[in-house]
Structures are given as C-alpha cells and as structure tokens.
Amino acid sequence: MSVRELVVLGTASQVPTRHRNHNGYLLRWDGEGILFDPGEGTQRQMLRAGVAAHDVNRICVTHFHGDHSLGLAGVIQRINLDQVPHEITAHYPRSGKRFFDRLRYATAYRETVSLTEAPVDADGTLATTPAYRLEARRLSHPVESFGYRLVEPDGRRMLPERLAAHGITGPDVGRLQREGSLGGVPLEAVSEVRRGQRFAFVMDTRLCEGVHALAEGCDLLVIESTFLDDDERLAVEFGHLTAGQAARVARDAGVRHLVLTHFSQRYTDPAEFERQARAAGFEGELTVARDLLRVPVPKRR
C-alpha cells in the first residue's frame, strides 16, 4: 500500500532545546523516502521515529547552516554501515560543495553505498521519476539557500456514469486506460484530469519570489516560521519568516495543509504560532510541528 506522509525528526532553529531537536524531515512518497535538512542528531531521531537508513533514497539540503546539515556525517555513515542496497542521490547548493565534502568525509569509514551528488545552482527541475518531478527554487538568506518542490504528474479519474453510457465495463476499462481509446471511444470522453499532488519544503528565507513559487497550489507545505510577528524586524535582518508571513503565503497560494516549523528557542508557547497563522487568514488544515510527529499528505481532491 502506498504511503505519503511527512515524518518530523526535528523542529528547532539554530539552538536545540530539551523538547526540540535540530531540523530533520523525511517525506515518504509511495516507496521512496526523501530526507530534508538533516541537522545534528538526525540519526538518533530517525531511530526514535522508526525511520531506517534503508528508507532514504534522496537527500535534499537547503543550505549549509549547521542546524540544517550537521547531521549529514552521521546519516551518510549510517547508510554505508547498513549497506543500503539502492543508490542515493544528494542535492545541495553547489556553492556549499566544500561543506558537503567535509561532512561526507568527516571521519574514516568504509564506503559501501553509491551516493550520487547532484548539486543545485539554479532554479529548475532536478529529477524526474514516474512518481514525481523534483524542482528547486532560490530563496533569500545570508547564505545561498534553495527550497524544494515535489510535483506528481497529473493522471485521469474514470467516470463510472460515462463508462456505463458507452457500455465499457470490466477488463475493458483497463484496456482503455492503457491504450487511450477503445472501440472509437477516447479516454477523455469517459474520464477527467486528476490533479497530481504537490509538496514543498521551504526553510530559512525572507519573503521572496521563490517562496511563493514553491508554495503555489501545494497539498502540503512545510515552511519555516522562526519568529512571531512582533519580531518581524529580526526576521528580515536574519533572513527568516514570521508565523503570519508564512500563513499569508499559504493562504494566497491555496495550500491545503500548512506545517509550521523551525522555531526560535526564545518562544515557549507553540500555540501562539497557530494563533498568529489563523489571524493572518489561513483557513486550511494547520499543524504546528513537534518532534517525531507524522503528518499525512492530504488525500487527492
């Protein structure tokens, strides 16, 4: 059975707390796992969340600040220790290759797994698979940073009443789907477009064009909200978003489920992030992330 869910491994920004580990997020997308921004302690958080090294097929790093990347060394070594049988691809800003190399080879270990590096240096498509297209967009942060977006290809939804009107039943339905037409009846006459699902991962950034492009039409948007709205000046200065800003992006983009994360240690009441997001006018499903939480991707419309 296919599973599409986000496993939250850590939600702290810059400084971990007693209750929040550094960043780390695994997106399960059918049979594939994409690990985003493995900060310090990610390997242990994976163990606590029931995520194995074998679950990882792709690693996506937004930028090379420690809370988003220091866990790479442990995760990569664990992948090799466990002799993961499949190839793993790593995406990261090309400008940070020296940091990736240092983390990949931070200590001595035996390499047993093929890890392909595919650095990002511009907006565009990074990979295309039968299940999704992976895209990147540049963000606005003191160091080069990219957000990631997953787009499932559109499919078609069969319409029983139209099939019945044309007398198409049983195995003939499958033939029609495979061949595109049957007995002069085109697939378009008995089906409608089923929009593919969309997921986006937006970390450290000010408001910019890339944020809006990544969020557009997402079923699930994971986005940083380091600061509360009263500290918007600090957010702009240090290249971050507030809860209200993130919520307005999601509102304007038609996001179905918004996940706020990457919280400054200065705040002790997570509920205030939800209150400010709602006050900003976001009316969809809303989650203030906590460590080890599982968030399902919304079902198709």
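**Notebook: salt bridges and helix packing**

I began with glutamate 152, which counts as buried because its relative accessibility is 7% (buried is under 20% relative accessible area, exposed over 50%, partly exposed in between, with a 1.4 Å probe and protein chains only). The model is predicted, so I kept in mind that local features need pLDDT of at least 70, that side-chain atom pairs count only at pLDDT 80 or more, and that totals for chains, interfaces and linings use all residues. Residues are numbered from 1 along each chain as its sequence is written, and side-chain values use heavy atoms, with hydrogens and water left out.

**Salt bridges**

I looked up the partner of glutamate 152. It is arginine 300, in a salt bridge with the closest N and O atoms 2.6 Å apart (a side-chain nitrogen of Lys or Arg within 4 Å of a carboxyl oxygen of Asp or Glu). Glutamate 152 sits in the loop between strands E9 (146-151) and E10 (155-158), and arginine 300 in the segment after strand E18 (294-296), so the pair ties together parts 148 residues apart in sequence. Helices (H or I, at least four residues) and strands (E, at least two) are DSSP runs, numbered from the N terminus. Arginine 300 is partly exposed, at 35%.

Next I checked arginine 256. Its side chain meets that of aspartate 219 in a salt bridge, 2.8 Å from N to O. Arginine 256 lies in the loop between H9 and E16, and aspartate 219 in the loop between H7 and E15, so this pair ties together parts 37 residues apart in sequence. Aspartate 219 is buried at 2%. Arginine 256 is partly exposed at 23%.

I found 26 salt bridges in the whole structure. One network links Lys97, Asp101, Arg104, Glu111 and Glu117.

**Helix H9**

I then turned to H9 (residues 243-253). Of its 11 residues, 8 are buried, so the rest of the structure largely encloses it. Its buried residues pack against helices H7, H8 and H10 and strands E15 and E16 (contact means heavy atoms within 4.5 Å). Glycine 254 follows H9, with a positive phi near 70°.

**Helices H3 and H4**

Last, I compared H3 (residues 72-81) with H4 (residues 97-104). Their axes are 8 Å apart and the angle is about 55°. Axes are lines fitted to C-alpha atoms, for helices over the stretch in contact, and angles run from 0 to 180 degrees between N-to-C directions. H3 and H4 are therefore oblique to each other (under 35 degrees is roughly parallel, over 145 roughly antiparallel, 65 to 115 roughly perpendicular, the rest oblique). Leu72, Ala73 and Ile76 in H3 meet Phe100, Leu103 and Arg104 in H4.
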